[in-house]
Each structure stands twice: as structure tokens, then as C-alpha cells.
Amino acid sequence: METSTKFCHRCGHPVPKMARFCSFCSAGQSLDAATLPPTDVPYNETAHPELLDSGLLYFRDSFKLNKRLGRADFWWSKLYVLTIHSLSGIVFALLFGLNEKLELESGDSYVGWVLIILVIYLVFFLIAGLTAEARRLHDIGLSGTHLVLHLIPLIGTLVLLFFCIQPSKQFGNRYVA
């Protein structure tokens, strides 16, 4: 039995079988597209999300908001960043502890430089973390402006956590590239 419609490969809406473009999302359509309704599949940019690949993806896209970040890549990258924070915390603690032992007789100290490096480190990771959350929100079909929920103590963070554990949304998602 031949059907006269197919489903858009981008948004999942039904379109006429001979349509070259989807009338909902304007995505180009192939004439031999399947007529079965599409199903949502998990999205991850890395083929097999794991600690190193997802962590490198996190840093590579630190200043990009026009992408998506799949659930597995997001959580693996969070573990990667936690590991970096733990190791760098030990290094900064050692540097501050050594300052007392190495302080020169003239009273010179390198703590000021360490604090400058620490501020740059924290600003970079704040920006990278917020853009990663915005890309994760894009993956579930929400706008990155939902990040303002962080301004609501505890409840806003819990709501964003709930959003971040949701599965990818492929169809009907305006952020699908």
C-alpha cells in the first residue's frame, strides 16, 4: 500500500511524498525518504561518549552556543571537569602553602600572581560550564535563556538539573542543526 506522505528527517512532521522541502522547518527532503514515522534517538557528537573524548569536546566548544550537547557527552564532560577541579585545587593549595615557606626576606610574595591565575581559571570554567548547559538545553529543545534559573537559589539549580537529565529531543527541536 503506497502512502502519499513521508516524514521530515529533521522535524518529524508529515510532508507530501514528493515535497522537496518541509513546510514546517524548511529542511531539504530527499525524494526517496522513508515513509515510516521517525523515532527520537539519543544525540551525542562523539561516537562513543567517554571521559576523554567528551571532556575535549567540552573545551573545544567552550565558546559556542549554536550547537547541542548530548546527555552522555554532557555528564562525561562534567566528570572530566570535576577531575580537573580536584587536581587543580590540590595544586593551588600547595602553592598557597608553599608561599609561607618560600616568602622572600623582603616580603615579596607570589600569591598575587597565583590569585590572578586562579581568577582567570574560574572565569574560563564559568563560561565553559554555562555554554555547556546552554548547549544541553538546546539538545532537549529549550532555550539557553533558561540558565537564568540559576539565579533562584537551590530550586533553580534543581530545575536545571532536571532539564539536563532529560533525553535528547530530535524531532520538533528548533535547535537541530
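A residue is called buried when its relative accessible area is under 20%. In this predicted model, Phe125 has a relative accessible area of 11%, so Phe125 is buried. Phe59 has a value of 23% and is partly exposed.

The structure holds 10 aromatic pairs. A pair of aromatic rings is described by the distance of the centres and the angle of the planes. For Phe59 and Phe125, the ring centres lie 5.6 Å apart and the planes stand at 85°. The pair is therefore edge-to-face. Phe59 belongs to helix H1 (residues 51–60), and Phe125 to helix H3 (residues 111–139). The contact thus ties together parts that are 66 residues apart in sequence.

A further edge-to-face pair is formed by Phe92 and Tyr121. Here the distance is 5.9 Å centre to centre, with 65° between the planes. Phe92 lies in helix H2 and Tyr121 in helix H3, so this pair joins parts 29 residues apart in sequence. Phe92 is buried, with a relative accessible area of 12%. Tyr121 also counts as buried, at 16% relative accessibility.

Ring pairs link Tyr58, Phe59, Phe63, Tyr80, Phe92, Tyr121, Phe124 and Phe125 into a cluster.

Attention then turned to the surface. A nonpolar patch is formed there by Trp75, Ile152, Leu154, Ile155, Leu158, Val159, Leu161, Phe162 and Ile165. Together these residues have about 840 Å² of accessible area. Helix H4 (residues 155–164) gives the most to the patch, with five residues. Trp75, another member of the patch, is located in helix H2 (residues 71–102). The relative accessible area of Trp75 is 35%.

An α-helix has 3.6 residues a turn, so residues three or four places apart point the same way.

How values were computed
Residues are numbered from 1 along each chain as its sequence is written. This is a predicted model: local features need pLDDT of at least 70, side-chain atom pairs count only at pLDDT 80 or more; totals for chains, interfaces and linings use all residues. Side-chain values use heavy atoms; hydrogens and water are left out. Patches are made of residues with over 30% relative accessible area and no salt bridge: like charges are joined within 9 Å, nonpolar side chains (Val, Leu, Ile, Met, Phe, Trp, Tyr) within 5 Å. Accessible areas come from the Shrake-Rupley method with a 1.4 Å probe; for residues, only the protein chains shown count as cover. A salt bridge is a side-chain nitrogen of Lys or Arg within 4 Å of a carboxyl oxygen of Asp or Glu. Helices (H or I, at least four residues) and strands (E, at least two) are DSSP runs, numbered from the N terminus. Buried means under 20% relative accessible area, exposed over 50%, partly exposed in between (1.4 Å probe, protein chains only). Rings of Phe, Tyr and Trp (its six-membered ring) pair if their centres lie within 6.5 Å; planes under 30 degrees apart count as stacked, over 60 as edge-to-face and the rest as tilted.
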